[in-house]
Amino acid sequence: MDLHLRQLEDQSVYILREAYKHFDNLAMLWSMGKDSTALLWLTRKAFFGHVPFPLIHIDTSYKIPAMIEYRDRIAREWRLNLVIGQNKEALANGMNHTLGRVECCTALKTNGLKNLIAEKGYTGIILGVRADEEGTRAKERYFSPRDKHGDWDFREQPPELWDQFKTAFPEGTHIRIHPLLDWTEINIWEYIRAENIPIIDLYFDKGDGTRYRSLGCAPCTFPIKSTAKTIDEIIEELRNTNVAERSGRAQDEGRGMELLRKDGYM
Amino acid sequence: MTTATLRAPSATEHLNIVIVGHVDHGKSTLLGRLYADTGSLPEGKLDKVREICRRQGKEFEYAFLFDAFLEEQEQGITIDTARTFFKWAGRHYIIIDAPGHKEFLKNMVSGAARAEAALLAIDAYEGVKEQSKKHGYLLSLLGIRQVAVVVNKMDLVGYRQDVFGAIETEYRTFLAQLKVTPERFVPVSAKLGDNIAKPSAHMPWYTGPTVLETLGLFRKETARERQTLRFPVQDVYKFDARRIITGRIAAGRIKVGDRLIFSPSNKSATVKTIEAFNVEPVPTEATAGQSTGITLDEQIFIMRGEIAAHEDSAPLVSTTFRCNLFWMGRRPLEAGKKYLLRLATREVECEVVAIHRIIDTTDLAGREVKASVGRNEVAELTIRTKAPITFDLYSDFEVTGRFVLVDQYDVSGGGIVTEAVRDEQTVLREEARRRDIAWVKGDVGAEDRARYFGHRAALVLITGARHTGKSLLARRLEVRLVADGRHTYLLDAANLRRGLDADLSEEDTGEIVRRFGEVARLLMDTGLIVVSTTNALGGADHQAIRTLVHPTPVIAVHMSKGDEAPPPDTDLAFAGPKDFDAIADQVMEELKRRGVLAQAIGAKPQFHYSI
């Protein structure tokens, strides 16, 4: 494996093991996308084939059906402890993206996650966000505290140096753990290729000249024009693009991400 | 300089760079310009930010490209470190933009701590300022040896060589005191793009590299693999049949067949396998930087926080060391107060025993001695830990020579170890280490004995004045434990006086204590729970015994008639009239809590007699 990929892997594995050591009630978010699936694979690396904590999927009910099939197959094959969270109340009240994209994400994803955290009492949540995705994630910590309301106080982030992370926190708050912060989109694909990780096929062109570059809910995620049919072709395409990865994600427009993330979005 | 003279970096090489300097000296602008002039921005980003500026009626600044928070753009300052990704001439960079405002020094430290090289920006018009020096000092403390100074805003001083020269002389002199030699000084105007990606037409007197070329000249440091081994234990896993000791190798390499010494427990074993998931062929060695897992040829009980090394180059062990520390806490650091110290994977309570001086980072002079260290101050301290810890001097090993202090919930200070200080136990500790490392072991290990006996070895040390019931408790405890199937022996110090110590006089206390400790150690090596009353011995002697029997658990039980305070490190204290069976129950509970009478290793042992 490429030296840099190995170094990224070593850092992520170290972070995952620190999280497992310090948090009694730990869980990992899995969206079935390439990042959180690579993260799941890194977990199996860190724990020698085992996944010693539950995986959370926040199901907005608007996910692309192929994602759910893929989720259930991998969960069976890797013997995962899958926990599904859903904001049933908001869905019953008819929440959908036409009522506002930021409002919909907040209700179905942010609040869906917050409700589950409150219900299960998780104190550590592992997520696959990367610094190169968008501006506010570039400023994240590996171990990032959230207050009683799940909010992110980006003005007062803890110091983080020498791989000594924030693992102590007041009751009622929790820590978001970000083992993939230093990875880029290309790194993720290179790692998927190097490790031969089974990835959902929505990322590949199946003949109509389009593919998904980033996966989310069906109404707010749009395929890009691309004829990349293999991982090699995706990597080649990414090396030659100047288009942002999340350009197909509608909730990022304007200051959407800063507002969403301040309130506890992933 | 042309690109042809630059060393060609390997295709997969990645380097972490931090940009530091005083507030408003143009760090974010420098970064924005570097991206813009090399065509490294995502499509449409420049236009989008220009459009936002136009709508808000303010002048476009390159700094806005990475100041992602609304508040940062409104105030025109960087609040928190941003990681950005940059590729040039076949090499990948993570460039970390650190805030320069002194309010956000902890964020600057977070950014700089993960860098391998630094660009330090100084405003040509304002010259060297307070944070220019503080950042320079922190870079040296954080161990960043490759520093290039970017003298920015040259357009504001008419691109004059003498202004540049004066700043270079002043700042070079300052860095020399920190033993930092800057790689070079580059005169630039980030705003106008002079000497960023292209040589400037305004400064023909400067013939050195541009900022972009300067990045290419930073070297990748890979020396840690060639050092001797330091392997801090992160965790021990038993998910399946394997008992895997995990950690990230801080220095050196581990190979199958290596004999490892774990400090401070001084336990040793040989590496049987290197474990990995989805790696073919199975690795036989692991090197510095790798997060790995190993299995050993024998079952030894080791815990997170120990550091494995090879026999010929063991790390230091003490409770006391001298250090340089910078403080980022909301509350000042106070002498005499308890903090949690974290060094590699070890966590231990500690206390600042002396604040030698506060260092003024503008002139590096020592200021008056104070009883506390304020936020953003740097000081020289002596720290004492509650239990012995393993470490190195920072000048020898980076990862095991630095530590952080945690105040309540927050990492609040970072320090580097400059000197190990001998404590009262140093002599005995070194004796114990030599003895343990050279110990000739049979084929039955401590873990085997624990499995057969249904318990681990331990020392129950009963202390207190005369006629407080120490002896009665010791006897009752021995009877109860043996009746419960636990291998236990009452060791009274007085018994040794008649035999083993017959050649010693009453005054030879040190030697009496040493022999008692060694006998207890020997009995516990056979797997026994040793119960002892030590009328003859004082508090200092108990510390000596602990050092000699380390790391076997010691349960200290204090007996008194009145309400006198028990000695430090007492686990259980009993005052007034006593119910010895109830006390014995409590001691047995404590033995369970400490993992001596672990349920997991066989509740009640089976005995088979043959006649």
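Predicted model: local features only at pLDDT ≥ 70, side-chain atom pairs only at ≥ 80, totals over all residues.
**Ground rules.** I number residues from 1 along each chain as its sequence is written, and letter chains from A in the order in which they are written. Local features need pLDDT of at least 70 and side-chain atom pairs count only at pLDDT 80 or more, with side-chain values using heavy atoms and leaving out hydrogens and water.

**Entry: two helices.** I looked up helix 1 (residues 3-22) and helix 2 (residues 34-46) of chain A, whose axes come within 9 Å and cross at roughly 75 degrees. My axes are lines fitted to C-alpha atoms, for helices over the stretch in contact, with angles from 0 to 180 degrees between N-to-C directions. Helices are DSSP runs (H or I, at least four residues), numbered from the N terminus. This pair is therefore roughly perpendicular (65 to 115 degrees).

**Entry: ring pairs.** I found 26 aromatic pairs over all chains; rings of Phe, Tyr and Trp (its six-membered ring) pair if their centres lie within 6.5 Å. Trp183(A) and Tyr191(A) are edge-to-face (planes over 60 degrees apart), at 5.1 Å centre to centre and 80 degrees between the planes. Is Trp183(A) buried or exposed? Trp183(A) counts as buried, at 1% relative accessibility (buried means under 20% relative accessible area, with a 1.4 Å probe and protein chains only). Tyr191(A) is buried too, at 0%.

**Entry: a cluster.** I also noted that ring pairs link Tyr20(A), Phe47(A), Phe53(A), Tyr237(B) and Phe239(B) into a cluster.

Methods
Parallel < 35°, antiparallel > 145°, perpendicular 65-115°, else oblique. Phe/Tyr/Trp six-rings, centres within 6.5 Å; stacked < 30°, edge-to-face > 60°. Buried < 20%, exposed > 50% of the residue type's maximum accessible area, 1.4 Å probe, protein only.
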